[in-house]
Amino acid sequence: MRCKAAVFDIDGTLIPLGAAAASTATCRALAEARRAGVTVVIATGRGPTRCAPSVIGDLPFDYLVCVNGACTLAADGALLDSDALSREQTDAVLALGAQAGAQVNLICADGYYAFRAPGRPLRGYAERPGMPSILIDAEAHPPAAAAPPLGGFLLIGADAAEAYNGLNGPLRLVRFVEGHYDICKRTTDKANSVGRLLASLGLSWRDAAAFGDGPNDVALLSRAGLGVSFEDASAQAKAACGLLAPAAAADGAALALAQLLRGGL
């Protein structure tokens, strides 16, 4: 295919799960794609503050679709699209956490805010072992009313997540890894936001290759002209892809992208 846009998840795709940052080979591959005229889009469940160069390293990109599609930014930080949770939806998430005895972690533009379950101590959350928690205690430092949450995540069991999703409410819980569920609007996902971005650039899904490893990447992989997943990806992502690449720890995204740019796919 003639690739005009390449869309990448971060965790488990560009950055191996538990790793600090993308490898030099991966950063070089994305830079080479941009030099070849390919528009590079990052599409992640992370919030804006966790996609800064100080966090993810020197990953070059043109656009950032974050919080599973709730927010789209240009590389210079300019806001292009946003679909924040309403007050009612935020209250519903907090009520779910209280019912499940789980801490609710809401992602805002300026950080990740933790709302403790009643009577529970603050539970920290680090993106990899040995790192400090990325969470802000909302009890001590509540988020600004002018910055409504874009999404969030809960650390709960599969049965509780399945029961909540079965209610068919305005929000859904999407598994990231075992016991970790992203909080999303039913009307918001990565693929919808990426599709709008591609259309604004005069591109279609046929022009795009998508790279992802998780259940929240399935729509990206299915709609793209070429969907690329990885040997250690979720079963859902593997089933939705057209090409299975080596694991992220083996620079699978970089290898597949290089082959694509050479016209080998």
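## Strand β12

In this predicted model, strand β12 spans residues 208-211, with A208 and A210 pointing one way and A209 and F211 the other. All four of these residues are buried, that is, each has under 20% relative accessible area. In general, side chains in a regular strand alternate between the two faces of the sheet.

## Neighbours of β12

Strand β1, made up of residues 5-8, pairs with β12 in the parallel sense, and four bridges join the two. Within this pairing, A210 of β12 has V7 opposite it.

Strand β13, residues 226-230, is also paired with β12 in the parallel sense, here over three bridges. A210 stands opposite G227 of β13.

## The protein as a whole

The secondary structure of the protein consists of eight helices and 14 strands. Because a compact globule of 265 residues would have a radius of gyration near 18 Å, the value of 18 Å found for the protein agrees with that expectation. Along the principal axes, the C-alpha atoms fill a box of roughly 55 × 35 × 35 Å.

## Burial, contacts and surface

Of the 265 residues in the protein, 51% are buried. Among contacts with a separation of 6 or more, 53% are accounted for by residues 24 or more positions apart. The protein exposes about 11,500 Å², and carbon and sulfur atoms supply 53% of that area.

Terms used
Residues are numbered from 1 along each chain as its sequence is written. This is a predicted model: local features need pLDDT of at least 70, side-chain atom pairs count only at pLDDT 80 or more; totals for chains, interfaces and linings use all residues. Side-chain values use heavy atoms; hydrogens and water are left out. Buried means under 20% relative accessible area, exposed over 50%, partly exposed in between (1.4 Å probe, protein chains only). Two strands pair if DSSP finds at least two bridges between them. The radius of gyration is taken over C-alpha atoms; the globule rule is 2.2 Å times the number of residues to the power 0.38. Contact means heavy atoms within 4.5 Å. Accessible areas come from the Shrake-Rupley method with a 1.4 Å probe; for residues, only the protein chains shown count as cover.
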